[in-house]
Amino acid sequence: QVQLEESGGESVQVGGSLRLSCAASGRAHSSYCMAWFRQVPGGERERIATIDGDGATTYAHSLKGRFTISQDSTKNIVYLQMNDLRSEDTGTYSCAADPTDLCIGSSFIYWGQGTQVTVSS
């Protein structure tokens with residue numbers, strides 16, 4: 001089993017920045033594909049960034065350039081740096097782990113509880 005715990009969500013003003021953290025424990029392994037998802041109010045959950053076991057990253061097209069995913073493999077922590085935040089970034093941000101390292105939706109079988117980000121003007 002892998003346990004994931006997100007932190008770092010809070011209320012911030014438009015244009016501000018936040019760094020979210022996802023701490024993995026249990027059988028977490030640096031070879032896993034890790035991802036950040038978010039669910040905005042009234043919307044579906046969307047995948048916003050992934051980082052695979054080799055450190056390769058992908059981003060949702062609409063967010064590229066503002067958000068950066070990274071990891072500290074020695075500590076089993078994955079980060080999401082979010083800059084130039086907008087009101088539409090408000091939502092619940094969750095991290096997920098894919099032990100197959102395929103980085104596809106159905107492969108993410110471990111999930112955290114999520115952390116709330118609220119962006120207001």
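**Close-up views of a predicted model**

**Figure 1. C33 counts as buried, because its relative accessibility is 0%.** The model shown here and in the views that follow is predicted. A disulfide joins C33 to C103, with a distance of 2.0 Å from sulfur to sulfur. This bond connects distant parts of the chain: C33 belongs to strand β4 (residues 33-39), whereas C103 lies in the loop between β9 and β10 (110-111), and the two cysteines are 70 residues apart. The link of C33 and C103 is right-handed, with 115 degrees about the S-S bond. Why does C103 count as buried? Its relative accessibility is 16%, and buried means under 20% relative accessible area.

**Figure 2. A disulfide is also formed by C22 and C95.** The sulfur atoms of C22 and C95 are 2.0 Å apart. The pair brings together distant parts of the chain, since C22 sits in strand β3 (residues 18-26) and C95 in strand β9 (residues 91-98), 73 residues apart. About the S-S bond there are 60 degrees, and the link of C22 and C95 is right-handed. C22 counts as buried because its relative accessibility is 0%; C95, with a relative accessible area of 1%, is buried as well. How many disulfides does the structure hold? The structure holds two. When the bonded cysteines are counted along the chain, the disulfides follow the pattern 1-3, 2-4.

**Figure 3. G26 is a residue of strand β3.** Is G26 buried or exposed? G26 counts as exposed, because its relative accessibility is 58% and the word exposed applies over 50%. Apart from neighbours within four places in sequence, G26 is in contact with Q1 and Q3. Q71 is 45 residues from G26 along the chain, and the C-alpha atoms of these two residues are separated by 17 Å.

**Figure 4. Strand β5 (residues 45-51) pairs with β4 in the antiparallel sense.** Six bridges join β4 and β5.

Figure 5. β5 and β6 form a hairpin with five residues between them, and in its turn G55 has a positive phi of about 90 degrees.

**Figure 6. The largest nonpolar core has 28 residues.** Which of these residues touch the most other members? They are L4, M34, W36, F67, L80, M82 and Y93. Two or more residues of this core come from each of the elements β1 (2-7), β3, β4, β5, β7 (67-72), β8 (77-82), β9 and β11 (115-120). The element that gives the most is β3, with four residues. Apart from this core lies another, of six residues, including C33, F37, A96 and C103.

**Figure 7. Y93 has contacts with residues elsewhere in the chain.** Leaving aside neighbours within four places in sequence, the residues in contact with Y93 include E6, L20, W36, F37, R38 and I48. Further contacts of Y93 include F67, L80 and M82, together with G114, T115 and V117.

How values were computed
Residues are numbered from 1 along each chain as its sequence is written. This is a predicted model: local features need pLDDT of at least 70, side-chain atom pairs count only at pLDDT 80 or more; totals for chains, interfaces and linings use all residues. Side-chain values use heavy atoms; hydrogens and water are left out. A disulfide is a pair of cysteine sulfur atoms within 2.5 Å. Buried means under 20% relative accessible area, exposed over 50%, partly exposed in between (1.4 Å probe, protein chains only). Contact means heavy atoms within 4.5 Å. Two strands pair if DSSP finds at least two bridges between them. A nonpolar core is a set of buried Ala, Val, Leu, Ile, Met, Phe, Trp, Tyr and Cys residues joined through side-chain atoms within 4.5 Å.
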